[in-house]
Amino acid sequence: MSGPNTEYDPVEVTPLQAEEVEAARDAALAAIAGASDLEALKQVRLDHAGDRSPLALANREIGALPPQARKEAGQRVGQARGAVNKALAARTEVLEAEHEERMLIEETVDVTLPTDRVPTGGRHPLTTGAELIADIFVSMGWEIAEGPLIEAEWLNFDALNLGPDHPARTMQDTFWTEPAENHVVLRTQTSPVQARTMLTRKPPIYVACPGRVFRTDEYDATHSPMFHQVEGLVVDEGISMAHLKGTLDHFAARMFGEGIDTRFRPSYFPFTEPSAEVDLRCFVCRGVDSDACRTCRGEGWIEWGGCGVVNPRVLVACGVDPETYTGFAFGMGIDRSLMFRHGITDLRSFFEGDVRFTPAFGTEL
Amino acid sequence: MKAPVSWIREYVDLPAEVTTEALTDKLTLLGLKLEAIESPGAAITGPLVVGRVLTQDKEPQKNGKTINWCTVDVGDANGTGEPQGIVCGAHNFGPGDLVCVVLPGGVLPGGFAISARKTYGHVSAGMICSAAELGLPEDAFGGAGGIIVLPADTALQPGSDVRPLLGLDEEIIEFEVNPDRAYGLSLRGIARDAALGFSAPFSDPCDRVLPAADDAGHPVVVEDEAGCPVFVARTVAGFDPTAETPDWMASRLTAAGMRPISLAVDVTNYVMLETGRPIHGYDAEKVAGALRVRRATVGEKLTTLDGTARVLSEQDLVIADDSGPIGLAGVMGGETTEMSASTTRVLVESAHWEPVSMFRTGKRHKISSEAGKRNERGADPASCEAAADRVVELLCELGGATAEPGVTVVGSVPAPSAITIAADLPQRVAGLPIDTATAVAALEGVGCTVTLVAEVGEDGVPTNRLVAVPPTWRPDVTDPFDLVEEVLRVVGYDQVPSVLPREAAGRGLTRSQRLRRRVGRTLAGAGLSEVVCFPFVGQAAFDKLGLEADDPRRSTVRLANPLSNEEPEYTTTLLPNLLGTAARNVARGAAGAAVFETATVAIPREGAGPAPIYPTHTRPTEAEVEQLFAALPAQPLHLGVVLAGERERAGWWGEGRAADWADAIAVARRLATELGVDLEVVASVRQPWHPGRCAALRVGGRTLGHAGELHPRVVKAFDLPARAAALELDLDALMAAAPERAVPPTLSTYPVAKEDVALVVAEDVPAAQVEAALREGAGELLESIRLFDVYRSEQLGSDRKSLAFALRLRAGDRTLTDDEVKGARDGAVALAAERCGATQR
């Protein structure tokens, strides 16, 4: 900001000519209007509104005028400069908008290009399936119990009322570790976790035990020497078969959909008495017009697992007083449940480790 | 167990309108589960009738064959009553024979439609059938592969439906019989449950008028009364060994899945199916002296009916005569006294055996017989006499024999023990209102004798007790809860209501369970796919990993009965099967495989003793429980990762990138960060990794695992893409190192001071060591440090490298002065110089 020119020559003062000021203003406005881009407008700004522009120079002259002329000249130049600045601002806005619009168009990309630089990973459905099951039970206030895969024979069999000569032992073909006299097996069921739980904590017991089990089955589309089960165990006062039914109905509805329930058929398991097979209402046909249903093969029901009231002999072997407590237990295959839940026809899909299999489950499980 | 419906109905008077489906539904609800319904005749439709061959003209043909041009009387079945002209190529029949004729309009198994057609110069209007053409076993009805010729005494007239005679109208139910329901292995037992289910009258085949026992029968000495509580012996003489098994019996045996052999054998099998009581028949002339039931002596030998010479154990129960053992009691008879085509005198044995002994002998000698199956589950001890009598009856009736006087009965039927329950126990256990009358009726329905005892307890409260004596055919009913199950299966399992138990006050997932989920999500988020492998390996897998002979990982838990002799061990490392999985993916055309697995491995425990077998009538002590746990191998949870081939894809953005050592270590670091664990990465040498590209992963000075590039030989052995990398660590240990509570930094809003330093060090100085020195030297003002460049040049020399680090310095309470920043930087550089010989570039 330059100060007023005090070194004017009072004699040679010429009042700023209105025509000159207006000409300078018009020239500026024309140049502004003619600037076609922001670059050109920058030059126009320098030429017509910069420090050395005619109007700026004229403005500087005002101080040299005799006082009586200053007011008029000041008004004239001020108005002209105001009009120029206003025009500059307006033109800048227009050109910036144009520029932005053009830039956005120029920067357009093909958003359909692939973006799969790092291949997708995924967790195994047997893991997420077991977690889904765990969450269902944890939300009921249960806990998730676990045990080792290589297990003591006594825990896998004897404690569960499967004595050495029990015919039921022949139903489960067991992997024995060497030497067999050491009585250590690969667990054939998740049930030893029941025994472990009762041996290591006091009732009330509400636990689910998802886990891996082994049997000497040849490996084919429906059999595997290794598969997965989930076991449930409740030991509390006043527990009945009705609580078992209620729990399994709840489990079925959470895992397979609202309205899916279960039915019981008499069966035999050494560790439960009474024992039942539990069937799941087919979640595809829901038992209505089942004949064409491929999931339940026309049955309306799907065999799901085994269950029953904990045999008091098991309670005794594990140190629970059968006079005070009753319990229920159930077990079902996780692999099998997922097979019919997802229409998987070959059990081996779970164990091949093919990286195309896992991502298909996404976040559904 | 397979049972023809008509046979079941012989003992239970079911209303005619009860369909097979209704029957199986009911039996399934009672615990005899339907496996399948077979209807052998279902594939045959249209007229299938009895025909009498009237004429048979043999006509040689140009092709060398001779055909028979027959006329056959089919009664009115053809609508005309005229003889039916049929061409037949078989020759095992003649005029006058009764045969099976399918008339035009009929369809045979396989969709084979029959119509009148011109052939060999005649119009053949139908077909004379062989067994195979009707879907029957080839040798059924003496067919021997040819036309079925019906017995001359067949009651059916020409033109009548032949299906009932052939058993083709039969439906056969296959039941899955649980091990506790031995009674389900008999028609008697199945019919009894059917009677129970439909409240229909039951006629027990064992309900017979029996001859009194005396001393005139074949002498029997039972030396082991516990092993053989009841032994019944009967004899018949004058048996005609040429007598044939009647068709009805043969077809029932066949339907039940047993092969007809000879009349005498078939009768014993038939009665076993009928009553559930296994019977053995001896050729009485070959038996020398008294039958003696005893345990075998060690080394005694016996050749059983299957031709196998067996060496007996002192636990085997045998039947011996003066010559030594002649049968493996209750399991299989012996060769020397076997009934043959010349047997005319039959000694019938019907005995009850102690189930456990049967089970052990069957297991020891690997014999699975129909008799053994029933004896080891426990047949009805009270059925011995009736079954023997029934066999005698049939041998007389069908084989022309005469029952000899003399009925040997040794021992007596053990009385089942009474079981007492509170009358409301069924109701309490079922969670369903079941009044006492209903419970009593149900128990009586299944054959129990029930007494109701009303008592007043010490507290003055009246309590009803039920004292139930189970029937002899239910050896499985021994416990109070067994009675509950019996009541419930009669009341109906479908009556149990659905009630949720009370809300439990659980503590949620354990820390380990939560962290495992976190680990899985982290790895999946890093682009890895989780896989599930079997834990079985063989030493060859360790060879492929290049493990030294004394590598501890070679010491495994071995399986006594592996599925494959190639993989008889439980693995100590996840890598072999994980590498195989990665290779399989590549072989299937994947450009790369980034896979991980979390699973337990088994590390044998030095000096672990056997896992004891404790009694089960009481809880083992704490010390005993500990002993059980201590007998098991250590089973830590491991994480295995294999990164093979393409890690980043090529694309419009540029080149792709194959996985290498750094990717494996990056996974470990990412995991450690996720878990909040301070992970130290240290150069290491360990198979199966590349000795120059392997890192030990250390936490708190302890090595938890290794990561890096695989040894080129391992890459080759597993057929993996070059530079494949892997990681394996003890996940249990890593998770245990995660802090219980995270302590977040205090966030300073004062300006950050950024300082870069480039340090020249010898090639073999690890970057981590330089970084550690800088970190320590910079002191507490250091907010973070990051290596951003490694530079090598001729100028530096081949054994030197330049490492460039970016330091960020900041204080929590003030803006740092230039002097402070310089001080920290100088301190860092000075310590790096001192510790690592670093010089500023």
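This is a predicted model: local features need pLDDT of at least 70, side-chain atom pairs count only at pLDDT 80 or more; totals for chains, interfaces and linings use all residues.

Visitor: Why are α1(A) and α2(A) called roughly antiparallel?

Guide: Helices are DSSP runs of H or I with at least four residues, numbered from the N terminus. The axes, lines fitted to C-alpha atoms over the stretch in contact, have angles from 0 to 180 degrees between N-to-C directions. Helix α1 (residues 18-34) of chain A and helix α2 (residues 38-49) of chain A cross at roughly 170°, with axes within 9 Å. Angles under 35 degrees count as roughly parallel, over 145 as roughly antiparallel, 65 to 115 as roughly perpendicular and the rest as oblique. The two helices are therefore roughly antiparallel.

Visitor: What makes α2(B) roughly perpendicular to α4(B)?

Guide: Helix α2 (residues 20-30) of chain B packs against helix α4 (residues 187-198) of chain B at about 95°, with the axes 9 Å apart. That angle makes α2(B) roughly perpendicular to α4(B).

Visitor: Which residues of α2(B) meet α4(B)?

Guide: Contact means heavy atoms within 4.5 Å. On α2(B), Ala22(B), Leu23(B), Lys26(B), Leu27(B) and Leu30(B) meet residues of α4(B), including Ile190(B) and Phe198(B).

Visitor: What makes the pair Arg516(B) and Glu146(A) a salt bridge?

Guide: A salt bridge requires a side-chain nitrogen of Lys or Arg within 4 Å of a carboxyl oxygen of Asp or Glu. In this pair the closest N and O atoms are 2.7 Å apart, and Arg516(B) forms a salt bridge with Glu146(A). Glu648(B) and Arg117(A) also meet in a salt bridge, at 3.7 Å from N to O. Between chain B and chain A the count is 12 salt bridges.

Visitor: How much area do chain B and chain A bury between them?

Guide: Buried area is the accessible area (1.4 Å probe) that two parts lose on being put together, summed over both. For chain B and chain A this is about 8,700 Å², with 59% on carbon and sulfur atoms. The contact involves 99 residues of chain B and 105 residues of chain A.

Technical notes: Residues are numbered from 1 along each chain as its sequence is written. Chains are lettered from A and ligands numbered from 1 in the order in which they are written. Side-chain values use heavy atoms; hydrogens and water are left out.
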